[in-house]
Amino acid sequence: MPLLELNEVTIKFGGLIAVDSVDLTIEKGQIQALIGPNGAGKSTVFNLVTGIYPPTSGTISFKGQTINGKKPYNITKLGIARTFQNIRLFNELTVLDNVKIGRHCRSKAGPFGGIIQPPSVKREEKEIEQRSLECLRLMDLGDKAEELARNLPYGEQRRLEIARAMASDPEILLLDEPAAGMNPQEKMVLVEKIKKIREMGLTIFLVEHDMKFVMGISDRVAVLDYGKKIADGPPDAVQKNPEVIAAYLGKEVI
Ligand SMILES: Nc1ncnc2c1ncn2[C@@H]1O[C@H](COP(=O)(O)OP(=O)(O)OP(=O)(O)O)[C@@H](O)[C@H]1O
């Protein structure tokens, strides 16, 4: 059974068909990329999978269970986490607190737990802190825990977002343009971290414009153009696909 499966998924915004009958199968442990020219529908696919929009038609299944129409919070709880195209950190909070927020969906304490603090809540607080620190260390940010998020350099802020997503204990991690704005050194570190996350048994689904990055890291690459999937396969085959080259005409695929 695939981990994540899209079956003829379509979404219309008024007259615009942003995602048009897209099929996609992601197996556990794979690094699957989704590429395509600007406005092709890539972020919308992420928004559909994470429950921000319900599809107009089609089904989205996670581990064989249909997740159409579920709320984003419940989808995170099932094991699907994401980062966003633009950085969305709480700048005035510490690095550690930003990650703890990502763990919130696994917390059992109700709204009063934090005030009354029975022993079970204290234990849970400690567990949240320890797990959050592990996620920071995984991203090489362990020694930055007490700094304010806004004081981190750009590449580290992007890794902090991944640490926060990891804190929800996902089985699949959706990364929306993780390398955007990074310098070559920051990209190298990011590749290493994504590979490490995969070695831990997670599945990665990423949208990225940097073709060198995508082709170097992905097991499979799917290509969207005007909302339709025009190719899906190993990176070398996709790069040579005439329809893909035509979609990128005048732009660089490699
Ligand atoms: N909430 C919305 N309402 C109306 N139109 C939308 C909405 N969200 C996305 N669209 C439209 O859907 C199309 C696909 O947008 P999307 O952001 O998914 O593209 P993308 O492939 O992620 O592009 P980019 O690479 O530029 O981020 C675009 O034409 C966009 O304007």
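A residue is called buried here if 20 or more other C-beta atoms lie within 10 Å of its own. This briefing applies that criterion to a predicted model of a protein with 254 residues, of which 37% are buried. The secondary structure consists of 10 helices and 10 strands. The radius of gyration is 19 Å, close to the 18 Å given by the globule rule for 254 residues, so the protein is as compact as a globular protein of that length.

**Overall dimensions and contacts**
- The C-alpha trace spans about 60 × 40 × 35 Å along the principal axes of the protein.
- Among contacts with a separation of 6 or more, 69% involve residues 24 or more positions apart.

**Helix H1**
- The buried residues of H1 are Lys42, Thr44, Val45, Phe46, Leu48 and Val49.
- In general, an α-helix has 3.6 residues a turn, so residues three or four places apart point the same way.
- After H1 comes Gly51, which has a positive phi, near 85°.

**Lys228 and strand E10**
- Lys228 belongs to strand E10, which comprises residues 228–233.
- Lys228 has 16 C-beta neighbours inside 10 Å and therefore counts as partly exposed; the cut-off for a buried residue is 20 or more.
- Although Lys228 and Ala40 are 188 residues apart along the chain, their C-alpha atoms are separated by 7.9 Å.

Definitions and conventions:
Residues are numbered from 1 along each chain as its sequence is written. This is a predicted model: local features need pLDDT of at least 70, side-chain atom pairs count only at pLDDT 80 or more; totals for chains, interfaces and linings use all residues. Helices (H or I, at least four residues) and strands (E, at least two) are DSSP runs, numbered from the N terminus. The radius of gyration is taken over C-alpha atoms; the globule rule is 2.2 Å times the number of residues to the power 0.38. A residue is buried if 20 or more other C-beta atoms lie within 10 Å of its own, exposed if 12 or fewer, and partly exposed in between; C-beta atoms are placed from the backbone. Two residues are in contact if their C-beta atoms, placed from the backbone, lie within 7 Å.
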